[in-house]
Amino acid sequence: ASATPPPPKATVSQYACQRRTTTENNNKTLTDAFEVLADSYELNEMEGPCLAFRRAVSVLKSLPWAVKSLETAQDLPCLGEHSKAVMKEILQYGHSFEVEKTLSDERYQTLKLFTSVFGVGPKTADKWYRRGLRSFSEVLTDSSIQLNRMQQSGFLHYGDISRAVSKAEARALRSIIDEAVHVITPDAVLALTGGFRRGKEFGHDVDFIVTTPEPGEEETLLPKIMNRLTKQGILLFSDYQTSTFEMSKLPCHRFEAMDHFAKCFLILRLEASKVEGGLHLAEGDSRGWRAVRVDLVSPPMERYAFALLGWTGSRQFERDLRRFARMERRMLLDNHALYDKTKKEFLAATTEKDIFAHLGLEYIEPWQRNA
Ligand code: DCP
Ligand code: MG
């Protein structure tokens, strides 16, 4: 942790998009504890308290110094009574009673375990829990449970895909996708997004945006890529969703978690020989390949900047960009577009910088968006 003391009266914005947050976290003990409580509230569908803790986590991650007393945290935004009480316990005793209790709670442990499977969300996990199931073997041997295709693959490749993907593995996958997409369309554009674009060393998957300058051609890009990966024998699972994007249906006032671009959720077989320094496997595992989760999204080129900004994350950074646009600028931002409610018009952008400029925000580099 950094020894730099907080500058006097340093003002920290309540919006993550007005803070610069690198991957260096000087308050990991506190943010790990808050994340347990946020996850627990999320699993219990208590959105308010969940969001409050996620915001508190995000503020603490942005600090270039370690919080050592409640006094130094006094002027920070997004820290409510509850998070301050937990913070006080941790600063005083090194741990929080509430966090310990949550971690040892059977329902919390089981829902965390079940939702760690690809294709299993909080609703399914809760259904299984209420049926009395507590372990994978109980789920897999229960005859009344019908796993969908995604969940079947999730269990089949559980060991591999619950293991973090390394930067070297992400680079190897980039080469594979890059080769595939350029055989299909020489002028295709491929960009790494998600956590790896933010400079993270490890991720739970690898996210890419692919598109082409020829309007409409992006719609056929993903099936063609998947076809090629199948022929190479490395496509272990795919869930393809066609585009439902229509500019005429924008702006969308209702918040939607997912955008309307064509996308696919994949599990790929990655050979050790393709990865510089070798695969990121468990100690003693000497297999020549591993399974990895890869997401591809394919917006029309004209929507590229919005898709790139939306898929680079972090989730909290995205939430606050949208909230800032709405609350401070009377604008609507999503992965498709930026709409000015005052002028009643869409604002065009070809780069992320254009979008920040429209919002009147200082540009934040991808590696500073780890909010
Ligand atoms: N995203 C989005 N809409 C979704 C899912 C994700 O806009 N339905 C955005 C926000 C995320 C980014 O895409 O930051 C990538 O999603 P991931 O879940 O892969 O998150 P990260 O890449 O940030 O983290 P990880 O390292 O766990 O993959
Ligand atoms: Mg990711």
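Mentor: By class, 3 nonpolar, 8 polar and 5 charged residues make up the shell around ligand 1. Keep in mind that this is a predicted model.

Trainee: Which residues come nearest to ligand 1?

Mentor: There are 16 residues around the ligand, and G195, K200, H204, D205 and R315 come nearest.

Trainee: How should I read the polar contacts? Which side chains have a polar atom by an oxygen atom of ligand 1?

Mentor: Look for pairs of N or O atoms within 3.5 Å. R198 has a polar side-chain atom 2.9 Å from an oxygen atom of ligand 1. For D205, a polar side-chain atom lies 2.8 Å from an oxygen atom of the ligand. The backbone takes part in the list too: a backbone N or O atom of G310 lies 3.3 Å from an oxygen atom of ligand 1.

Trainee: How much of the accessible area of ligand 1 does the protein cover?

Mentor: On its own, ligand 1 has 570 Å² of accessible area, and the protein covers 85% of it. Two or more residues of the shell come from each of these elements: α11 (194–197) and α13 (304–312).

Trainee: Now the metal. Which residues are the protein donors of the magnesium ion?

Mentor: For ligand 2, the magnesium ion, they are D205 (OD) and D207 (OD), at 2.0 to 2.1 Å. Water is not among the atoms, so the site may look incomplete.

Trainee: Are D205 and D207 buried or exposed?

Mentor: Both D205 and D207 are buried, with under 20% relative accessible area as the cut-off.

Trainee: Contrast that with K112. Where is K112 placed?

Mentor: K112 sits in helix α5 (residues 106–115). With a relative accessible area of 33%, K112 is partly exposed. Its C-alpha atom is 8.7 Å from that of P122, which is 10 residues apart from it along the chain.

Trainee: Next, the sheet. What is the order of the strands?

Mentor: Strands of a sheet pair through backbone hydrogen bonds, in a parallel or an antiparallel sense. Here 3 strands form an open sheet, ordered β8-β9-β10, with antiparallel pairing.

Trainee: Why is one side of β8 and of β10 left without a neighbour in the sheet?

Mentor: β8 (331–333) and β10 (345–346) stand at the edges and have a single partner strand each, so one side of each has no neighbour in the sheet.

Trainee: How many bridges join β9 and β10?

Mentor: Strand β9 (residues 338–340) pairs with β10 over 2 bridges, in the antiparallel sense. Y339 stands opposite F346 in β10.

Key
Residues are numbered from 1 along each chain as its sequence is written. Chains are lettered from A and ligands numbered from 1 in the order in which they are written. This is a predicted model: local features need pLDDT of at least 70, side-chain atom pairs count only at pLDDT 80 or more; totals for chains, interfaces and linings use all residues. Side-chain values use heavy atoms; hydrogens and water are left out. Donors are N, O and S atoms within 2.8 Å of the metal (3.2 Å for Na, K and Ca); water is not among the atoms, so sites may look incomplete. Buried means under 20% relative accessible area, exposed over 50%, partly exposed in between (1.4 Å probe, protein chains only). Two strands pair if DSSP finds at least two bridges between them. Helices (H or I, at least four residues) and strands (E, at least two) are DSSP runs, numbered from the N terminus. A residue is near a molecule or strand if one of its heavy atoms lies within 4 Å of it. A polar contact is a pair of N or O atoms within 3.5 Å; within protein, one must be able to donate a hydrogen and the other to accept it, and residues adjacent in sequence count only if both atoms are side-chain atoms. Accessible areas come from the Shrake-Rupley method with a 1.4 Å probe; for residues, only the protein chains shown count as cover. Ala, Val, Leu, Ile, Met, Phe, Trp, Tyr, Cys and Pro count as nonpolar, Asp, Glu, Lys and Arg as charged, and the others, Gly among them, as polar.
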